[in-house]
Amino acid sequence: MRDRAVDALRAFAILGVVLGHWLVTAFVLPGGADDLRVTSPLAAMPALAPISWVLQTLSVFFLVGGYSAAKGLRPDEPHGARLRRRLGRLARPLPVLLLAWVPALVLLRLAGFSPHGLYSIAGLVLSPLWFLCVYVALTALAPVLVSVWNRLGLRGAVLLVGATAAIDAGRFALGAPGWIGWATVLTGWLVPFYLGIGWARGGLRDRRTALVLFLGGAAATALLVAFAGYPASMVGVPGAEVSNLSPPTLAAVAFGLAQSGLALRLHGPLTTWTRHARVWRTVSAANRSAMTVFLWHQTALLAVTTGVFLAAGSLPGLHTPPDQPEWILWRLSWLIAFGAALTGIGALTRGFERPRARTGANSVPARDISQATP
């Protein structure tokens with residue numbers, strides 16, 4: 001039986017990622033198409049950092065991913081078959097995205113965009129793929145992580161947080177080379193994924209555990225920002241000396257604990273909420289299109305940004321510097337255009353996300369595999 005609250009959490013996580021990228025990614029073209037620069041309103045207006053606390057929902061992705069990975073384990077299923085079943089939906093849309101952007105970049109170059117600008121555009125298009133790489137690695141480790149949970153329980157999460165803290169101490173206080181920080185891509189995102197596995201195994205069900213995770217994570221995040229020099233923004237800010245996401249810092253992990261606790265606490269209310277037919281239809285539709293939305297939302301942003309510039313020139317909230325509060329108001333109005341573009345792209349590409357159902361006397365109805373999406 002499907003856990004509708006888990007599907008609702010996945011849908012909220014997707015919405016947070018999409019809105020986060022659409023609101024804090026700005027393209028400035030002061031010198032025309034050959035002078036494209038990527039910036040963020042958080043760079044000029046750091047007081048907007050609380051926006052990132054609401055819209056940076058990656059820990060919820062990994063929490064739900066760990067839950068789904070553990071629930072999807074079948075004792076008699078070979079490891080390779082399990083990965084093909086779990087990850088097939090993740091892999092199918094990727095070639096389409098890559099093939100679509102090869103001619104798109106050529107056309108943008110012919111339209112006058114500089115190689116540096118095209119590099120920035122390609123980086124934004126491909127940026128969601130880092131998440132999929134980490135998710136694939138953690139999914140492959142799911143049987144091992146289940147065994148670790150059965151042996152260590154929450155102590156395993158404590159060890160992972162400690163490992164992240166040790167790596168940060170090496171980077172920021174002990175003079176270790178900066179590249180060691182990238183080890184937290186594994187240790188940091190493994191924390192919510194591991195908690196999701198524990199949740200699926202029957203742990204973390206009581207309200208007190210959820211409350212401790214939420215309040216403890218929030219308090220730790222506040223202390224790290226206030227007294228340890230970590231950035232207040234939970235997303236990367238262009239030009240900032242330290243990013244909480246690239247690679248993940250101890251502050252990001254603490255923030256993820258708070259998010260995980262809140263998600264666990266909301267499980268009951270979301271279960272009740274998703275019993276309403278209209279709500280469940282919306283949540284179910286969002287999950288069926290999860291990979292399409294995740295992979296193509298940056299393309300929708302770029303399609304509107306570059307298309308409007310080539311057709312009408314520089315417009316407020318789309319190509320102007322994000323250094324004034326009114327920029328936010330203009331950008332909010334552009335969300336409708338981004339959503340329309342994503343809807344159109346989804347209509348063209350959604351078929352690549354789900355396998356075609358076979359027909360015939362021996363065919364088996366296609367199983368809903370939306371839980372394969374983190």
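# Contacts, helices and aromatic rings

Reader: Of the contacts in the protein chain between residues at least 6 apart in sequence, what percentage joins residues at least 24 apart?

Author: The figure is 78% for contacts that join residues at least 24 apart, counted among contacts between residues at least 6 apart in sequence; a contact here means heavy atoms within 4.5 Å. This is a predicted model, in which local features need pLDDT of at least 70 and side-chain atom pairs count only at pLDDT 80 or more, while totals for chains, interfaces and linings use all residues. Residues are numbered from 1 along each chain as its sequence is written, and side-chain values use heavy atoms, with hydrogens and water left out.

Reader: OK, so what is the mean pLDDT of the protein chain?

Author: The mean pLDDT is 89, and 94% of the residues reach 70 or more; pLDDT is the predictor's confidence in each residue, on a scale from 0 to 100. Among the elements of the chain, helix 5 (residues 79-91) has the lowest mean pLDDT, 74, whereas helix 13 (residues 250-265) has the highest, 97. Over residues 359-374 the pLDDT is below 50, and this stretch has 38 contacts in the model beyond near neighbours in sequence.

Reader: And how many helices and strands are there?

Author: The protein chain has 17 helices and two strands, where helices (H or I, at least four residues) and strands (E, at least two) are DSSP runs numbered from the N terminus. The radius of gyration is 21 Å, close to the 21 Å that the globule rule gives for 374 residues, so the chain is as compact as a globular protein of that length. That radius is taken over C-alpha atoms, and the globule rule is 2.2 Å times the number of residues to the power 0.38. Of the 374 residues, 50% count as buried, buried being under 20% relative accessible area, exposed over 50% and partly exposed in between (1.4 Å probe, protein chains only).

Reader: Let's take helix 7. Which of its residues are buried?

Author: The buried residues of helix 7 are Gly 117, Leu 118, Ser 120, Ile 121, Leu 124 and Val 125. They lie on the same side of helix 7, because they cover an arc of only 160 degrees around the axis, the arc being that of the directions from the helix axis to the C-beta atoms. The face turned away from that buried side carries the exposed residues Pro 115, His 116 and Tyr 119.

Reader: What do the buried residues of helix 7 pack against?

Author: They pack against strand 1 (26-28), strand 2 (37-39), helix 6 (94-110), helix 8 (128-140) and helix 16 (290-312). Thr 299 is found in helix 16, and among the residues Thr 299 touches is Val 125, along with Leu 97, Trp 101 and Ile 345, when residues up to four places away in sequence are not counted. Thr 299 is itself buried, with a relative accessible area of 8%.

Reader: Switching to rings: how many aromatic pairs does the structure hold?

Author: The structure holds 15 aromatic pairs; rings of Phe, Tyr and Trp (its six-membered ring) pair if their centres lie within 6.5 Å, with planes under 30 degrees apart counted as stacked, over 60 as edge-to-face and the rest as tilted. One of them joins Phe 172 and Tyr 230, whose ring centres are 5.9 Å apart and whose planes are at 90 degrees, so this pair is edge-to-face. The pair links distant parts of the chain, 58 residues apart, with Phe 172 in helix 10 (residues 154-172) and Tyr 230 in the loop between helix 12 (207-227) and helix 13.

Reader: Is Tyr 230 buried or exposed?

Author: Tyr 230 counts as buried at 10% relative accessibility, whereas Phe 172, at 41%, counts as partly exposed. Elsewhere, Phe 61, Phe 62, Trp 130, Phe 131, Tyr 135, Trp 189, Phe 193 and Phe 294 form one aromatic cluster.

Reader: Where is the cis peptide bond?

Author: A cis peptide bond joins Ser 246 and Pro 247, with omega about 0 degrees, and Pro 247 is found in the loop between helix 12 and helix 13. In the loop between helix 11 (184-200) and helix 12 lies Leu 204, a residue other than glycine with a positive phi near 60 degrees; Leu 204 counts as buried at 8% relative accessibility.

Reader: Last one: how far apart in space are Gly 256 and Ser 59?

Author: Their C-alpha atoms are 5.1 Å apart in space, although the two residues are 197 residues apart in sequence. Gly 256 is found in helix 13 and counts as buried at 3% relative accessibility.
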